[in-house]
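Let's take a walk through this one together. Have the sequence and the model open side by side, and follow along as we go.

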Amino acid sequence: MVRSTPERKAIRSLVWLLVIIIALVGANAASVLFNNGQWTPKLALDLEGGTQITLSPQLASGESVTEEQLNQAVAIIRQRVDAGGVSEAEINTQGGQNIVVSIPGTPDDETLARIQSSAKLEFRAVLLADVASSSTIGEEGSEDGAEPGASPSADPSASPSATEEPEESASPTPSASPTDASDLAWVTPELQEQFDTFDCSSLDVVGANVAPVDEPLVTCEQDDSIKYILGPAEVAGERITNARADLIASSTGVTTNEWGVFIEFDGEGTQQFRTVTERLVSLSGVQNQFAIVLDGRVISAPRTISAITDGRPQISGSFTEESAQTLADQLRFGALPIGFEVQSSENISATLGVSQLQSGIIAGVIGLILVALYSFLQYRALGGVVLSSLAIAAIITYLVITYLSNQQGFRLSLAGVAGLVISIGVIADSFIVYFERIRDELRDGRSVDGAVEAGWKRAWRTILISDVINFIAAIVLFVLAVGNVRGFAYTLGITTVVDLIVVALFTHPMMQLLGRTRFFGGGHPLSGLDPKALGAVYRGRAQFRTPEGVAATKIASSGREAQRRQTIAERKAAEAAASTGKKDAR
Amino acid sequence: MSRLTQFGNSLYTGERSFDFVGRRRTWYLIAAAFVILAIGLTALRGGFLFGIEFRGGSEFRVQDTTVVDDVGSAQATAIAGDAVESVVPGASPRVSIVGGNSIRVQTEQLTPTETDDVREALAEAYGVDETSVSSSFIGATWGADITRQALIALVVFLTLASLVMAIYFRTWKMALAAMVALFHDLIVTTGLYGVLGLEITPAAVIGFLTILGYSLYDTVVVFDKVRENTSEDGVESRRTFAQSVNLAVNQTLVRSINTSIVAVLPTASILFVGSFLLGAGTLRDIALALFIGTIVGTYSSIFLAAPLYVHLRENEPEVKKQGSRPKPVRPESGAVR
């Protein structure tokens with residue numbers, strides 16, 4: 001069967017739409033089968049309830065927390081929670097002391113760690129290291145634990161781990177004041193005493209081990225295998241401008257399976273880090289190592305093979321993808337001014353409940369029926385196109401939201417439901433713009449299928465530019481804003497894209513195909529495309545509209561002009577026709 | 001065919017035409033009056049009334065009550081609402097059940113006497129000892145950090161949107177006119193909350209943001225028709241610039257009416273269901289902002305943005321020429337005979 005070009009295009013578009021829907025259904029099925037997904041979108045705190053976590057600050061006796069510190073902590077915790085997905089969590093202070101975090105669903109340990117750990121990062125030079133007394137791992141373990149991992153410009157082949165054997169020589173105890181951060185003069189007899197008796201298990205209390213930045217610190221490796229005396233902090237976490245988690249590449253550029261956190265310092269941090277590594281590179285033994293300390297515990301203590309001048313070190317140390325991502329997020333948003341511990345974690349019921357959601361859905365259905373009635377009134381049979389387009393839009397939106405709810409932790413709040421109901425209007429506007437342009441073309445005297453094509457060209461530009469503006473709004477608000485505003489941006493972005501997909505891959509192809517039917521193409525009075533009702537001067541494919549408001553003399557002169565400008569062939573044909581006409585007349 | 005279609009036909013040919021551009025002084029005055037009223041009356045009332053999500057408030061906690069098990073969660077939360085209302089009328093507290101047997105009640109900031117009274121009322125309502133009802137102050141869930149980030153995002157978005165419009169329409173004057181209309185819509189919509197003394201909740205703010213998007217969207221749709229008409233007409237046209245813009249606005253009038261009706265219908269149904277069936281709440285907060293905003297947004301594209309655009313461009317030399325020359329005299333035939 002031979003089909004015209006627009007018809008083939010229309011069918012191709014519809015096939016694409018089908019492919020998109022099937023792909024979305026498939027993606028949802030995959031997350032239901034493999035990732036504990038659901039076929040319905042997850043609901044937000046206001047509709048479903050969740051968990052209320054009360055965090056109280058870890059303060060030494062006599063210390064108190066200021067309002068400014070609390071607000072700062074709330075802001076940082078909010079960014080951390082947001083980085084984990086679009087969950088519309090609620091975070092506020094309570095009683096000028098605690099922070100209450102309410103999140104939908106039940107948080108796992110990773111989420112709790114993400115929220116509560118203060119994530120204070122420091123870089124300190126190693127002064128002394130020893131196998132931890134509580135550790136049952138022998139010398140071998142300590143070697144593994146201290147394996148260099150944070151030297152991006154380092155040549156791995158030149159990093160024999162044997163050189164990292166903890167120095168057990170009796171430490172010198174000079175009374176002179178230390179000259180730099182690597183000076184062993186920091187190790188006073190008291191510190192040596194503390195170090196010798198130090199038990200790594202005492203570090204298990206999160207945030208308990210805090211030393212002022214200008215004093216040495218006694219601490220342990222993450223797995224409690226090695227204990228260290230570290231010099232004063234030389235580069236602080238505040239100097240970090242960006243952090244991301246990625247797979248670590250080897251020196252040959254081949255990606256390994258090891259996860260690491262890549263950080264970037266600002267100008268001052270780069271300078272500081274350069275000074276430290278330049279000094280350490282000339283030292284030997286454990287003093288060649290620098291320790292990356294997170295919340296008072298050593299993540300890793302790599303050797304310094306060469307000075308790092310670009311301010312972009314990487315941190316490695318038995319990370320999983322999730323823990324690397326968590327640390328990167330924490331570093332990016334900064335450390336909490338104080339450490340917090342979970343005081344209580346309880347279920348919390350929905351503040352609005354199912355009745356509100358039901359009302360929202362009922363309102364949506366009523367709204368949809370009203371829109372449908374109005375469309376039929378205005379556009380007759382074309383109202384059917386509006387209704388089916390809206391139905392397709394609803395299906396795609398539902399699938400996208402369910403998918404993102406499974407994948408990105410998106411949660412639908414009541415405000416989100418209302419936003420979706422409102423989007424019916426904006427999506428329907430695309431059809432209205434399109435239909436009105438088609439009608440304008442019909443008024444100019446075009447045939448129905450010509451009007452569909454010409455109207456589409458104009459309407460598509462309008463729809464595209466107005467949707468682009470909406471999409472910019474969605475992207476900017478999503479990237480820059482925090483909290484509830486991000487949830488709004490998310491919904492706006494989804495409905496804008498769905499609008500474009502539906503109008504281009506469903507409404508327009510449908511019009512192309514319908515324009516070929518006798519009912520619509522012929523301009524049946526009930527089709528909504530009746531040229532007579534639209535005031536078109538002439539109808540039909542081969543007929544032309546008379547120029548409006550042109551004087552008869554002008555038409556006559558144009559006719560003469562046209563006669564004069566006939567081609568030879570035309571003239572002969574005209575003469576032949578005239579002569580046959582005469583013959584017939586005889 | 002419906003009358004609106006015939007109306008559309010006559011608007012399209014120019015047979016019938018509303019003078020949106022010519023009577024712009026009237027529209028400017030109306031817009032200015034609305035803006036001044038919105039700002040002035042809000043200021044007179046003492047500014048906006050922000051919800052507890054913005055200002056923080058008081059929180060009560062009823063520990064270890066058996067009411068939830070006895071009467072179910074819906075009934076249990078309703079009890080708290082009544083107890084608080086008996087002390088502070090019109091407080092509309094937020095109630096949730098925490099950990100299965102405690103009730104959390106959040107209200108606006110109460111005075112010490114009110115706090116004591118509410119504690120007493122809650123203890124009585126839930127049949128527990130008054131020592132089981134604790135109270136504390138809570139901070140804002142919509143903190144200053146959210147507002148600050150949202151404002152930064154808005155400034156960036158408006159700058160970007162203006163740039164995109166200026167590039168797409170090839171004139172910054174359309175972008176400026178659209179922005180003026182946008183601020184008009186925002187001020188009038190938020191002003192309604194200020195004038196009526198309605199509480200501004202996060203849901204209402206989301207509503208305002210939606211209006212911001214809708215207002216710009218609607219103006220762009222109208223301006224795109226203006227762009228089409230004015231670029232087709234050009235310097236050679238017999239119509240003046242103002243006339244071509246006016247024709248464009250008239251030709252999109254049916255679209256504007258249809259769109260605003262279609263956009264308002266779902267909003268109206270939410271507003272109806274939200275306020276009449278449920279009373280104050282998230283649905284009403286967001287729907288009211290949208291209901292007013294959609295109407296104002298459609299209105300301002302036609303009555304404010306388009307006349308303003310003409311106003312801005314009228315004095316350009318190129319535009320001045322248009323329509324001012326007599327009917328162009330063209331040679332009867334081409335150059336080659």
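Start where the two chains meet: 76 residues of chain A are in contact with 75 residues of chain B. Keep in mind that this is a predicted model. On the chain A side, the elements that each put in two or more residues are α3 (67-83), β2 (90-94), β12 (340-348), α9 (354-379), α11 (414-443), α12 (448-480), α13 (484-514) and α15 (552-564). The biggest giver is α11(A), with 17 residues. Sort that side of chain A by class and you get 38 nonpolar, 26 polar and 12 charged residues.

Now step back and look at chain A as a whole. You'll find 16 helices and 12 strands in it. Of its 586 residues, 47% are buried.

Chain A splits into four pieces: domain 1 (5-39 + 352-521), domain 2 (49-115), domain 3 (119-334) and domain 4 (552-580). The C-alpha centres of domain 1 and domain 2 of chain A are 38 Å apart. Even so, these two touch, with 11 residues from domain 1 of chain A and nine from domain 2 of chain A taking part. The domain 1 side of that contact has three nonpolar, six polar and two charged residues.

Chain B is divided into domain 1 (3-50 + 143-321) and domain 2 (57-138). Their C-alpha centres lie 44 Å apart.

In soluble globular proteins, nonpolar side chains tend to be buried together. Here the largest nonpolar core has 147 residues, and those with the most contacts inside it are Ala418(A), Leu477(A), Ala178(B), Val245(B), Ile286(B) and Ala306(B). Another core, of 66 residues, lies apart from the largest one, and includes Leu70(A), Val74(A), Val101(A) and Cys220(A).

Go back to α3(A), one of the elements that touch chain B, and see what else it packs on. Helix α8 (residues 321-333) of chain A meets α3(A) at an angle of about 145 degrees, with the axes 9 Å apart, and the crossing is right-handed. From α3(A) come Ile76(A), Gln79(A), Arg80(A) and Ala83(A), which meet Asp329(A), Gln330(A) and Phe333(A) in α8(A). By class, that makes three nonpolar, two polar and two charged residues.

A few single residues are worth a stop. Ser318(A) sits in strand β11 (residues 314-319) of chain A, and its C-alpha atom is 9.1 Å from that of Ser300(A), 18 residues away along the chain. Ser318(A) counts as partly exposed because it has 15 C-beta neighbours inside 10 Å.

Finally, compare two arginines. Arg380(A) has a phi near 50 degrees, a positive value in a residue other than glycine, and its place is in the loop between α9 and α10 (382-407) of chain A. Arg170(B) also has a positive phi, near 60 degrees, and is found in the loop between α7 (144-169) and α8 (172-196) of chain B. Which is buried and which is exposed? Arg380(A) has 20 C-beta neighbours inside 10 Å, so it counts as buried. Arg170(B) has 10 other C-beta atoms within 10 Å, so it is exposed.

Methods
Residues are numbered from 1 along each chain as its sequence is written. Chains are lettered from A and ligands numbered from 1 in the order in which they are written. This is a predicted model: local features need pLDDT of at least 70, side-chain atom pairs count only at pLDDT 80 or more; totals for chains, interfaces and linings use all residues. Two residues are in contact if their C-beta atoms, placed from the backbone, lie within 7 Å. Helices (H or I, at least four residues) and strands (E, at least two) are DSSP runs, numbered from the N terminus. Ala, Val, Leu, Ile, Met, Phe, Trp, Tyr, Cys and Pro count as nonpolar, Asp, Glu, Lys and Arg as charged, and the others, Gly among them, as polar. Axes are lines fitted to C-alpha atoms, for helices over the stretch in contact, and angles run from 0 to 180 degrees between N-to-C directions. A crossing is left-handed if the near helix is turned anticlockwise from the far one by less than a right angle, and right-handed if clockwise. Domain bounds come from an automatic or database domain assignment. A residue is buried if 20 or more other C-beta atoms lie within 10 Å of its own, exposed if 12 or fewer, and partly exposed in between; C-beta atoms are placed from the backbone. A nonpolar core is a set of buried Ala, Val, Leu, Ile, Met, Phe, Trp, Tyr and Cys residues joined through C-beta atoms within 7 Å.
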